[in-house]
Each structure stands twice: as C-alpha cells, then as structure tokens.
Amino acid sequence: MKRKSWALLALLAAGVIVLYTFASDPQQNSHSNNASQPETASTTGPKKLGNHQEHKLKQMMKQRDMTATERLARLDAKRHVRQLAEQYAAVRKSGETPSYARELQKDHGQFLSIIWVKDGQERETKAASYKLDQKEQKQLRGYLQYARKALQRKQAYESPSFPQDHPKYYVVAEPSGQGQSGMIAVMDMGILRRVEEHQDKNLRLIPYPKEGKYKVESIHADTLKDMTVKTGHDNEKASHYYENEIVVTFAEPPSTEELSRMTQELQCGQPKRIANTYIFRSETMDMKQLKHYFQTKWKPNYVEPHYLYMTNDNLSMNLTDESPVIPNDLLFSEYQWNLPVIETNRAWKLSKGSDNVIVAVVDTGVDLKHPDLNGRLLEGYNAIEQEEEPYDDVGHGTHVAGIIAANVNNNEGIAGMMWGGKILPVKALDNTGAGTSYSVAEGIIWATDHGAKVINLSLGNYADAQFLHEAVKYAFDRDVVLIAATGNDNTERPGYPAAYPEVLAVSATDFQLQRASFSNYGDYVDVMAPGESIASTYPDNQYAALSGTSMACPHVTALAALIRSVNPDLRNTEVMDLIRSNVIDLGPTGRDKDYGYGQIDVYAALSAAGAGDSALQLWPQAVQRKINRILDKHK
C-alpha cells in the first residue's frame with residue numbers, strides 16, 4: 001500500500017498519547033554504578049493500590065525526580081562555570097577580551113548572569129531574561145557576597161535555592177586556579193517547574209488532557225460510554241477523543257460531488273484523507289451527531305472517534321575481557337544506575353552500535369541543538385506543523401532520545417546506550433504532550449518510509465484504534481521493530497499501541513528489580529527495563545531525571561538497535577524473540593503478568609545475536625538467506 005493510503009489509516013487511529021513516568025521512595029535516591037547488584041524481585045509484584053495510596057506514591061516519585069534533576073543541573077552548572085573560569089584566566093592573561101560567557105548564554109538560557117571576578121574588579125554578562133523582584137534581589141546580594149568571599153579563599157561555592165517558598169534561582173562560583181580570580185553565575189531553576197508540570201501529566205496526577213481546551217471528550221475504554229475525568233486516577237479507565245471530529249472509512253472514496261454535499265451539510269472544511277479514510281471536523285455537530293449522520297446517510301465501512309494519544313541509542317573489541325566499559329560522561333557514575341543493571345557496560349565489549357541503524361523516536365520532537373546529541377540526529381519530520389522542524393517544546397522526546405543515543409565518552413552529561421547509530425526525530429505530539437492517532441500513525445509511516453529500522457513509541461491510549469493498528473502493521477510488514485511503553489496507571493488494562501501483537505510491550509522496574517509501583521502489567525507485557533529517576537538529556541542543553549514506562553521503553557529500543565548492528569541479517573521477529581528469550585527472569589519462573597519474560601539483559605541478547613556472527617539459534621535461517629542472496633545474484 002502506498003504511503004498516502006497508510007496516512008489515511010493513521011487518521012482513523014487518532015488519539016491522545018500520554019507520557020508515562022513515576023518515581024520511588026526518596027530514600028533510594030542515590031545509586032552509583034559501583035553499587036552492589038540489586039536483589040532479585042520477589043515472586044509477586046506490587047499489588048493494586050488504593051487511589052489515595054497510589055496518588056501519594058506518585059507525589060513522592062515526582063518529588064524525587066525533581067530532587068535528582070536539581071542535582072543534575074547543579075553538577076552541570078559547576079562544570080560549565082569551572083571551564084569558564086579557566087578559559088577567562090588563560091585569555092585575560094594575554095590581554096584579550098573573551099566572549100565565552102555570551103556564547104554560553106546563547107544556548108544555555110539557565111545562565112542568567114555570569115560574573116568574572118579578579119582583583120576586586122568584576123565584569124558581568126547578563127541574559128535578557130534576567131529580571132528579579134526586590135525581595136529576590138535582596139537575597140541575591142547576600143549570596144553573591146558569600147560567593148565573592150569564597151573566591152577570595154580560592155574555594156568553590158553553591159547557594160541554597162531561593163526564594164525558599166518557590167525556588168527559582170541559585171548562585172554557583174568556581175575559582176580559576178590563578179590568584180583570587182574566578183567565575184560566579186546566577187542560575188535559573190526553571191527546569192524544576194517544567195519537570196513538575198511534565199510529571200503531573202505523565203504520572204496522571206492531574207486530569208489530562210483538560211476537557212474543553214481542545215474540545216476533548218472522554219469515554220470508558222471498555223464500554224465506550226461517556227465519562228468525566230475528574231482526577232488523575234480516572235485516566236486509567238478513560239480514552240480521550242475530539243468531540244467535534246469523526247474518522248470515517250468508506251468502501252470507495254466519495255466522489256467530488258458527494259464530498260461537497262457532506263461538507264455543506266456538516267458545515268465543515270475539507271477533510272483530511274488517507275486512502276479511503278477521512279477525518280471530518282464540524283463546527284456545529286459533536287461526535288455522536290457526526291456518527292449518526294454518516295451511519296444513516298452514507299453507510300461507511302466503519303466510523304470511530306478521533307482518539308488522542310499522550311506521552312507515557314561497532315567497534316572491534318577484545319571479547320575475552322569481560323570487564324565493564326566505564327565512560328567518562330560527567331553524570332554517568334553517580335546517576336546512571338540504569339545502564340549497569342541491564343549489563344550495558346559489559347555489552348559495549350560486543351557492540352557499541354552502527355550508524356547504519358536508524359532509530360525513529362515518534363514523540364514530542366527532539367532538542368536539535370543539544371550538545372550531547374550533536375552528530376546523532378538525522379533530518380526528521382513534524383507531523384503537527386509540517387513546515388516546521390521537529391523541535392521539542394515539551395522535553396519528553398529529548399529525554400527519550402538521550403537514553404538511546406546521547407554521545408558517550410565525551411566528558412559531557414550522560415551516556416546513551418548506543419555509541420553509534422542515528423536518531424530520526426519525528427514530532428507527532430504537540431506542545432501539551434498529546435497527539436492524535438492521525439499524527440502518530442503518520443509519524444510511524446513517515447519513519448518507516450525514511451529508513452527507520454527501530455521505532456520507539458513512548459506513548460499510549462487505552463482505546464484500540466483501527467487506523468493506528470494499520471500503521472503499526474505497515475511498519476511491521478516492512479521489517480521494522482516497534483517498541484512501546486505500557487503506561488503508568490498500575491493497571492492490567494491493555495494500552496495501545498503496546499498491546500498490538502506486532503509491538504514489543506515494555507513495563508518498568510525500580511532500583512530493586514521490582515515492578516515499579518506505577519507500571520502497568522498484564523498478559524501482553526513482553527519485557528521490563530529500568531524506569532525510575534532516569535537521567536537523560538532535556539531541552540535548552542540541560543539534563544533531567546524522569547520516571548515512567550516512557551523511560552523504560554527506550555532502553556529496549558536501544559537494545560533492538562544494538563542487535564541489528566551486531567547482526568543486520570536478522571528479521572524484526574527474530575530481534576524481538578532474542579530480546580524476549582535473553583532476560584533476567586523476575587517473579588515466577590517464565591512469563592508472568594507482572595514482569596513479562598523478565599528484565600532485558602543487553603549482554604546476553606547481543607551474545608545470542610552473534611556479536612558479529614549469525615546467532616546460533618537462528619543459524620539455519622541466516623544461512624538460508626545468504627544462499628538466497630547468492631542465487632539472486634546469478635539469476
């Protein structure tokens with residue numbers, strides 16, 4: 001089927017995609033890569049929680065993510081300020097006037113003011129957004145004075161966050177190593193507000209999306225009857241759709257005259273179309289009226305609501321040396337507990353990824369200028385605004401992309417799971433973190449047509465939309481591996497697209513290899529991956545810690561890409577089988593509702609894939625394909 005035909009199918013599946021995240025007990029906040037191996041999970045996963053208890057745990061998780069994000073931000077800020085101090089000291093010694101501070105502020109909006117201090121003299125570079133009220137200025141003056149005194153003693157300094165009731169700023173200072181000179185920076189903490197708002201939605205702590213803003217209505221996922229979402233917990237049972245839109249599939253495309261009649265009677269503009277499927281948007285009718293109109297007058301193959309979906313990374317190595325690879329990325333050793341626990345460091349001895357493997361991230365877009373993603377991004381696509389670049393105005397897609405393929409061993413930020421490989425950014429969710437089944441399906445089809453070998457879908461809805469499923473099958477039939485997050489409602493209810501048979505469904509574990517208390521579960525779950533307080537890239541050249549099955553999903557996506565780097569002859573079904581069969585078994589022996597087949601084991605999966613040779617268990621199929629290629633050449 002042509003791409004346009006599949007684009008139409010995607011329209012049918014339109015729905016809201018939710019960012020899936022969660023956090024655990026604050027006492028488990030600090031985890032080093034040198035920590036001992038976590039205990040294996042008990043035979044039973046977390047029980048279904050009451051609404052109040054679940055809400056309380058999610059609030060704790062959100063607070064933990066915010067605390068970890070602040071630590072990441074402070075560590076990153078100290079590194080930049082230290083580098084600035086050293087650069088200024090070296091250049092000023094030669095009598096030149098450096099421009100490093102202004103250059104840094106161009107791409108790092110969190111640096112509100114940068115002050116070079118030497119011999120009692122100061123030179124300040126301010127950002128345009130640097131505006132504090134009188135109370136904040138008074139507090140700032142005190143902290144700046146402490147910073148100056150610290151530099152006189154040749155010491156570093158960090159202030160507490162202020163104002164205390166609603167923290168917005170902090171001050172950091174680093175000596176240059178030459179005399180009493182050094183650099184002071186006034187930092188914006190806006191990233192904490194963004195993470196808080198992000199996690200309120202991702203963890204379903206608030207009703208989301210808000211009904212009315214986009215003329216959105218909600219239905220019960222089982223009965224399809226109308227329901228009102230009053231609390232975040234209600235999202236577990238709800239699927240959302242546009243109240244004044246309808247997805248209609250005809251046996252044959254209507255004629256020009258028939259379409260003209262429809263638009264006149266509905267008082268609407270030209271519908272969006274993919275093949276025989278159309279999306280009509282009316283200014284005078286709601287979804288029920290639209291459904292009645294088409295079913296009584298036009299006898300289509302089927303009609304369904306326009307659903308919304310919300311957001312829920314090959315080198316030659318010495319294979320006899322099984323010691324883990326420890327990269328020099330600034331935040332790796334202290335914050336990236338998630339990579340050693342799935343044996344990523346050992347697996348890097350087998351493969352670090354290949355640039356021939358393209359991974360599509362169908363999400364909110366990606367920060368195209370983030371230094372830790374430099375050189376990793378291909379030209380992508382924006383399904384929301386086709387004329388615009390797929391720039392991330394939420395943060396979710398950037399975080400997902402960093403887990404997969406942030407640059408490794410570059411003394412910057414975090415380490416992605418892939419040292420090689422390319423990310424194809426596809427923006428299918430808007431600036432609220434939501435997108436329709438049309439935009440998501442269009443993103444899947446576009447990514448497939450533009451070379452994606454693996455597609456990450458950290459998004460979902462509890463409604464089974466036919467059009468979205470058709471787009472998934474379009475990609476699957478073209479040998480793409482599709483990975484999707486299950487959701488963050490601690491429910492057994494299947495979420496889509498994760499529950500489609502063509503998709504590998506991923507739920508989340510915590511630091512102790514237990515199913516994360518927020519993570520969905522059920523018979524459709526394939527594998528688990530770390531999903532609590534995962535450090536990764538964030539817009540405006542920053543880093544954040546987020547939780548959710550959205551964060552677990554890209555670990556499995558990266559593993560699929562590494563397998564395809566090791567053994568490009570494997571088909572998508574074989575890649576999926578390798579991932580399922582090479583796991584750390586959790587819970588009861590074998591597959592179960594809480595843990596699927598178990599938590600991914602990157603080293604075991606790459607070993608089974610062949611690490612350069614054909615996978616032993618798939619050797620007959622691989623040999624047969626090689627024979628077929630030789631015969632084809634001599635036809």
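Biologist: Which strand do four bridges join to β18, and do the two run parallel or antiparallel?

Modeller: Happy to take you there! Please keep in mind that this is a predicted model. The strand you are asking about is β17, residues 454-457, and β17 and β18 run parallel. To see one of the contacts between them, find Leu457: its bridge partner in β18 is Ala484.

Now let's turn to another partner of β18. Strand β19, residues 503-509, pairs with β18 over four bridges, again in the parallel sense. Here you can look for Leu482, which stands opposite Val503 of β19.

Next, consider how covered β18 itself is. The strand spans residues 481-485, and five of its five residues are buried. In a regular strand, side chains alternate between the two faces of the sheet. In β18, Val481, Ile483 and Ala485 lie on one side, while Leu482 and Ala484 lie on the other, and both faces are covered. So Ala484, the bridge partner of Leu457, counts as buried, which here means under 20% relative accessible area, and Leu482 is buried too.

Finally, here is the wider setting. The protein chain has 16 helices and 24 strands. Of its 635 residues, 61% are buried. Its accessible surface is about 25,500 Å², with 47% of that belonging to carbon and sulfur atoms.

Conventions: Residues numbered from 1 in each chain as written. Predicted model: local features only at pLDDT ≥ 70, side-chain atom pairs only at ≥ 80, totals over all residues. Heavy atoms only, no water. Buried < 20%, exposed > 50% of the residue type's maximum accessible area, 1.4 Å probe, protein only. Pairing = 2+ DSSP bridges. Areas by Shrake-Rupley, 256 points an atom, 1.4 Å probe, with all protein chains shown as cover.
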